[in-house]
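I'm jotting down what I looked up, in the order I got to it.

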Amino acid sequence: DLAADSDLLTLPTSGAYVLTTHGTAGQTGNYSFRVLETSQVDLPLSTLYSGNFAGSGQAQLFRVNVPLAKPLMIRLDDSSTADRTELYAKLGTPPTRANYEYRSLTPGASDQSVLVPRTTPGTWYFLVYAESVPVPSTFTLRADTSDVWIASVTPDRYSNTAPAQLTLTGAGFR
């Protein structure tokens, strides 16, 4: 059984399967659904993966082993600024668009990133979802750990004639 918010089902073996649908209290009716295969790629830390977006609605799953509790940065760089992508992360089991621990925070953008402030060592899964891809494009994905990540600095420009107060956003600070 799939929960109402699920959009990912892991089949335990290859082969033929039968999908049976039913309503409550024996209701009948018309059902419509689409089954799309989602590939899973093992991605070593600090390794650049190059992939393709064939069209809208495409999902790709990545598995990364994280050996130490450190901040983790996942970056998705899409070659097309017209695309809208999403990026999700979860420890131990594959994330879905409805069930995840971390997600990208730039809706409607083609490039995405996720910063996990301090990972639990183990197997992390990343879901790359192509929400809108008008024409096929390419992308790269990379996952890195570091003792410290600086995600942004505000202000990003300042005169060199006076002291400045900066706000750093990121992970791994003490």
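This is a predicted model: local features need pLDDT of at least 70, side-chain atom pairs count only at pLDDT 80 or more; totals for chains, interfaces and linings use all residues.

Started with a strand pair: strand 4 (residues 72-78) and strand 7 run antiparallel to each other over 5 bridges. For the record, I call two strands paired if DSSP finds at least two bridges between them. Strands here are DSSP E runs of at least two residues, helices are H or I runs of at least four, and both are numbered from the N terminus. One position I checked in that pair: Leu76 sits opposite Gln112 in strand 7.

Residues are numbered from 1 along each chain as its sequence is written, and side-chain values use heavy atoms, with hydrogens and water left out.

Next, which order do the 4 strands of the open sheet take? I get 2-9-4-7, with antiparallel pairing. At the edges are strand 2 (49-53) and strand 7 (112-116), each pairing on one side only. Neighbouring strands in this sheet are turned by 15° against each other on average, direction ignored; the axes are lines fitted to C-alpha atoms, for helices over the stretch in contact, and angles run from 0 to 180 degrees between N-to-C directions.

Zoomed out to the whole protein. I count 11 strands and 0 helices. Of its 174 residues, 30% are buried, meaning under 20% relative accessible area; exposed is over 50%, and partly exposed is in between (1.4 Å probe, protein chains only). Of the contacts (heavy atoms within 4.5 Å) with a separation of 6 or more, 71% join residues 24 or more positions apart. The protein exposes about 11400 Å², and carbon and sulfur atoms supply 51% of that; areas are Shrake-Rupley with a 1.4 Å probe, and for residues only the protein chains shown count as cover.

Then two single residues. Beyond neighbours within four places in sequence, Ser132 touches Ser56, Ala82, Asp83 and Arg84.

Ile150 belongs to strand 10 (residues 149-154). Its relative accessible area is 45%, so I list Ile150 as partly exposed.
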